[in-house]
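Please keep the sequence and the model in view while reading.

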Amino acid sequence: MKIQGKLFIWLSVFILAVAIVYGYWSKEPAGTTALFLAFGLAIMIGFYLAFTARRVDAGAQDNKEADVADDAGEVGFFSPHSWQPLALGVGGALAFLGVAVGWWVMYFSAPVILIGLFGWVFEYYRGENRTQ
C-alpha cells in the first residue's frame with residue numbers, strides 16, 4: 001500500500017502543477033476547475049492509502065523479494081446476489097432522465113433511489129441473509 005500511496009501523492013503534485021500552468025495560460029475556468037478537482041481527488045486517495053499503510057502489516061506488494069503466490073488467499077466477502085444495485089440503477093436512470101425531460105421526474109426517482117440505497121445498506125441485517 002505504501003507504493004500506491006506514493007504514486008497517488010506524486011500524481012496529485014503533477015496534476016496541481018498542470019492545473020496551475022493550464023489556468024495561467026488558458027484563462028479558461030471549466031478546465032482549470034476540473035484539474036483542481038482532479039488534484040483534490042488524487043490527494044485524498046493518496047493520503048488515505050499512505051495513512052492506512054502505516055497501520056496495516058506490509059503486504060506482498062511492498063516486498064521486493066515477494067512472489068506472486070505470496071499475495072494469494074482470500075480477498076474478502078462478496079455478496080452472492082442482490083437486487084439493490086438494480087433499484088439504484090433504475091433510480092439513477094430516472095434521475096438523469098429528469099435532467100433531460102423535466103425536474104418533475106425527480107419526484108419519482110428519489111423514492112426508488114432511497115429504497116435501493118437503504119435496501120443495500122441494510123441487506124444483511126434482516127431477511128434470509130441475516131446470518132452471513
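Thr 32 has its place in helix α2, where a helix is a DSSP run of H or I with at least four residues, a strand is a run of E with at least two, and both are numbered from the N terminus. The model is a predicted one, in which local features need pLDDT of at least 70 and side-chain atom pairs count only at pLDDT 80 or more, while totals for chains, interfaces and linings use all residues. Residues are numbered from 1 along each chain as its sequence is written, and side-chain values use heavy atoms, with hydrogens and water left out.

Is Thr 32 buried or exposed? Thr 32 is buried, because its relative accessible area is 14%, and the limits are under 20% for buried, over 50% for exposed and in between for partly exposed, using a 1.4 Å probe and protein chains only. Apart from neighbours within four places in sequence, Thr 32 is in contact with Ala 19, Tyr 22, Gly 23 and Ser 26, contact meaning heavy atoms within 4.5 Å. A polar atom of the Thr 32 side chain also lies 2.7 Å from the backbone oxygen of Glu 28.

## Helix α2

Helix α2 covers residues 29-53, and its 25 residues should span 36 Å at 1.5 Å a residue, which agrees with the 36 Å between its end C-alpha atoms; the expected span is 1.5 Å times one less than the number of residues.

Thr 32 is among the buried residues of α2, together with Gly 31, Ala 42, Gly 46, Leu 49, Thr 52 and Ala 53. What covers these buried residues includes α1, residues 2-26.

Ser 12 is found in helix α1 and counts as buried, because its relative accessibility is 0%. Leaving aside neighbours within four places in sequence, Ser 12 is in contact with Phe 39, Ala 42 and Ile 43.

Ala 17 also has its place in α1, but Ala 17 is partly exposed, with a relative accessible area of 40%. The C-alpha atoms of Ala 17 and Leu 35 are separated by 9.6 Å, and these residues are 18 apart along the chain.

## Regions listed in UniProt

In an unreviewed entry, UniProt lists residues 7-25, 31-51 and 110-127 under "transmembrane region"; its positions are given in the numbering used here, feature names are shortened, and annotations may be inferred rather than shown by experiment. In the model, residues 7-25 are 100% helix and 0% strand, with end C-alpha atoms 27 Å apart. Residues 31-51 are likewise 100% helix and 0% strand, and their end C-alpha atoms lie 30 Å apart.

## The chain as a whole

The secondary structure of the chain comes to 4 helices and 0 strands, so that its elements, read from the N terminus on, run α-α-α-α. Of its 132 residues, 19% count as buried. Among contacts between residues at least 6 apart in sequence, 59% join residues at least 24 apart.

The C-alpha atoms fill a box of roughly 50 × 50 × 20 Å, taken along the principal axes.

Technical notes: Polar contact = N/O pair within 3.5 Å; in protein donor to acceptor, adjacent residues only side chain to side chain.
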